Amino acid sequence: MSTQSVVTAIRVLEAVSDNQPAGLSELSREVDVPKATVLRMLRTLAELGWVAQSEVQASKWVLTNHAFAVASRGSSGSVIRDAAMGPLNALQLDTTETVHLAVPDRGYMLIIERLDTPHVLRAFLPLGSRLPMHASSTGMAYLSAADATFVDEYLAGPLEALTPQTVVDPAQLRAMIVDTRARGYSINEQGLSTGITSIGVPLLGPGGVAAGSISISGPSSRIVPAKYQEYGEAATGTAREISRALGAFSAKGY
């Protein structure tokens, strides 16, 4: 395989990660190469176990658990995941809703763990999904704990609306970040996916630095305003336990 082919394969892999489940036409536009080339790269990546056709939409492609596992080894995400699994399991059992663990990745939140609800109707994000910070509860939670420079730079960038409920006004988002910081948890009402509401809480690492976030997600018909405080407090307690294991300073409240 030539150097250019390797570069194209990596770009296709990254495009699948950014857009999964991703169709052939979408990937071709994203990497700006012909469909035939993209399909050849996808088949090679599939043979190597990095991507697979979606079980839900056979014409679309997703990352495999193998891809996620390789990417996680040696990263800060693996440390956070190891510290988080026990508390997250307890949180999922307590709320019976889907729980996500996310870490920052170039202005997005990367889903590195998901514990599913037993309910048939549920929130679902594939492992490896990258979520815009302003449109997700994990992202807004992370921004509430991030330093001011990072927040300023993020809000100065492009802010895409994913649903009619996605907030994209920088001033409004800044006010929401302040509210999240004061309350201790973010609330996302259908800003990422129509019909899905989620509650997010930041995770802190050594020195009280923002390290990631967790969320409780489910259908808006189940996660109603009357549940926000209960789930917010439950997630906050879980985040405190994880952050303490990560070495966060008590001065940050953890």
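This is a guided tour of a predicted model, stop by stop, for use with the structure open in a viewer.

**Before starting**

Because the model is predicted, local features need pLDDT of at least 70 and side-chain atom pairs count only at pLDDT 80 or more, while totals for chains, interfaces and linings use all residues. Residues are numbered from 1 along each chain as its sequence is written, and side-chain values use heavy atoms, with hydrogens and water left out.

Helices (H or I, at least four residues) and strands (E, at least two) are DSSP runs, numbered from the N terminus.

**Stop 1: helices H1 and H3**

Select helix H1 (3–19) and helix H3 (residues 35–47). Two packed helices are described by the angle between their axes and the distance between the axes. Here the axes come within 10 Å and cross at roughly 80°; axes are lines fitted to C-alpha atoms, for helices over the stretch in contact, and angles run from 0 to 180 degrees between N-to-C directions. H1 is therefore roughly perpendicular to H3 (under 35 degrees counts as roughly parallel, over 145 as roughly antiparallel, 65 to 115 as roughly perpendicular and the rest as oblique).

Next, show the side chains at this contact (heavy atoms within 4.5 Å). Ser5, Thr8, Ala9, Val12, Leu13 and Val16 of H1 meet Thr37, Val38, Met41, Leu42 and Leu45 of H3. Sorted by class, this contact has 8 nonpolar, 3 polar and no charged residues. Ala, Val, Leu, Ile, Met, Phe, Trp, Tyr, Cys and Pro count as nonpolar, Asp, Glu, Lys and Arg as charged, and the others, Gly among them, as polar.

**Stop 2**

Move to Pro21, in the loop between H1 and strand S1 (22–23). A cis peptide bond joins Gln20 to Pro21, with omega about -5°.

Both residues also belong to the group nearest the centre of the largest pocket, which consists of Asn19, Gln20, Pro21, Pro126 and Ser129. On a 1 Å grid over the protein atoms alone, a pocket is an open set of points where a 1.4 Å probe fits, with protein on both sides within 12 Å along at least five of seven lines, and lining residues have an atom within 4 Å of a point. The largest pocket holds about 1200 Å³ of space; grid points are joined across faces, edges and corners, and the volume is the space filled by probe spheres set on the points.

Colour the 39 lining residues: 18 are nonpolar, 13 polar and 8 charged.

**Stop 3: two loop residues with positive phi**

Select Asp32, in the loop between helix H2 (24–31) and H3. Its phi is near 60°, a positive value in a residue other than glycine. Asp32 is exposed, with a relative accessible area of 68% (buried means under 20%, exposed over 50% and partly exposed in between, with a 1.4 Å probe and protein chains only).

Then select Thr96, in the loop between helix H5 (76–95) and strand S4 (98–105). Thr96 is not a glycine, yet has a positive phi of about 60°; at a relative accessible area of 33%, Thr96 is partly exposed.

**Stop 4: Gln92**

Step back into helix H5 and pick Gln92, which is buried at 10% relative accessible area. Its C-alpha atom is separated by 6.8 Å from that of Leu115, 23 residues apart along the chain. Beyond four places in sequence, Gln92 touches Glu97, Val99, Leu115, Asp116, Thr117 and Pro118.

**Stop 5: helices H6 and H8**

Select helix H6 (residues 137–145) and helix H8 (170–183). These helices pack at about 75°, with their axes 8 Å apart, so H6 is roughly perpendicular to H8. Met140, Ala141, Leu143 and Ser144 of H6 make the contact with Leu173, Met176, Ile177, Thr180 and Arg181 of H8. By class, 6 of the residues are nonpolar, 2 polar and 1 charged.

**Stop 6**

Go to Ser217 in strand S9 (residues 210–219). Ser217 counts as buried, at 6% relative accessibility. Leaving out residues up to four places away in sequence, its contacts include Glu97, Thr197 and Ile223.

Finish at Tyr228 in helix H9 (residues 225–246), buried at 10% relative accessibility. The C-alpha atoms of Tyr228 and Ile187 are separated by 7.7 Å.
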